[in-house]
Amino acid sequence: MEINMLSARTKFLIVGDIENLQKQLKQILKDLGFLNVDETKDGQVALQKLVADDFDFIISSWHMLSMDGLSILRSIRAIEKLNGVPVLMVATEIKKKHIVEAVQAGADGFLASPFTATVLFEKLDLIVRNHVSSISEN
């Protein structure tokens with residue numbers, strides 16, 4: 001499913017095993033009017049959900065025990081059905097090396113935690129606008 005704008009119907013999948021971060025993301029998305037939010041703590045489960053259903057946006061934590069965010073991102077980009085789904089990576093500790101790796105693997109954005117609802121919305125909006133722009137160029 002190609003996303004061309006953010007709306008209340010935008011379907012998100014949050015992937016991460018840091019419970020507080022997942023709760024924060026889900027609450028902020030809800031406060032912003034996004035009510036279609038699913039979540040999982042496990043990378044393999046995330047991939048199964050992504051293949052079985054249509055999601056418009058993926059927000060993945062960088063650091064996870066079972067499967068790190070970079071591995072999930074690479075797996076997502078290797079699946080044709082998921083290639084066009086925007087992915088925002090979230091990390092509590094951002095290193096330049098991580099940003100470079102994420103961008104090279106196909107991440108659409110990177111966000112440092114903690115963050116505000118405004119910062120999250122601006123990042124999501126920027127990713128969607130860039131995504132639409134790249135689609136219209138092709």
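Tutor: Let's begin with a cut-off: a residue is called buried when its relative accessible area is under 20%. By that rule, 43% of the 138 residues of the protein count as buried. Keep in mind that this is a predicted model.

Student: What makes Q22 buried or exposed?

Tutor: Q22 has 3% relative accessibility, and the cut-off is under 20%, so Q22 counts as buried. Q22 sits in helix α1, residues 19–31. Leaving out residues up to four places away in sequence, Q22 touches I14, G16, E39, T40 and K41.

Student: Why is the pair of Q22 and E39 called a polar contact?

Tutor: The limit for such a pair of N or O atoms is within 3.5 Å. The side chains of Q22 and E39 come to 3.3 Å, and that makes a polar contact.

Student: How do you know that the buried residues of α3 line one face of the helix?

Tutor: Start with the list: in α3 (residues 69–77), the buried ones are G69, L70, I72, L73, I76 and R77. Looking down the helix axis, these buried residues fall within an arc of 160°, so they line one face.

Student: What makes β3 "mostly covered"?

Tutor: Five of its five residues are buried.

Student: Which strands does β3 pair with, and how do you know?

Tutor: Pairing takes at least two bridges between two strands. β1 and β3 have four bridges, in the parallel sense, and β3 and β4 also pair in parallel over four bridges. S60 in β3 stands opposite V15, and S60 also stands opposite M89 in β4.

Student: And the whole thing: how do you know its radius of gyration agrees with a compact globule?

Tutor: With 138 residues, a compact globule would come out near 14 Å, and the protein has 14 Å, so the two agree. Its C-alpha atoms fill a box of roughly 35 × 30 × 30 Å along the principal axes.

Technical notes:
Residues numbered from 1 in each chain as written. Predicted model: local features only at pLDDT ≥ 70, side-chain atom pairs only at ≥ 80, totals over all residues. Heavy atoms only, no water. Buried < 20%, exposed > 50% of the residue type's maximum accessible area, 1.4 Å probe, protein only. Helix = DSSP H or I, 4+ residues; strand = E, 2+ residues; numbered from the N terminus. Arc of directions from axis to C-beta. Polar contact = N/O pair within 3.5 Å; in protein donor to acceptor, adjacent residues only side chain to side chain. Contact = heavy atoms within 4.5 Å. Rg over C-alpha atoms; globule rule 2.2 N^0.38 Å.
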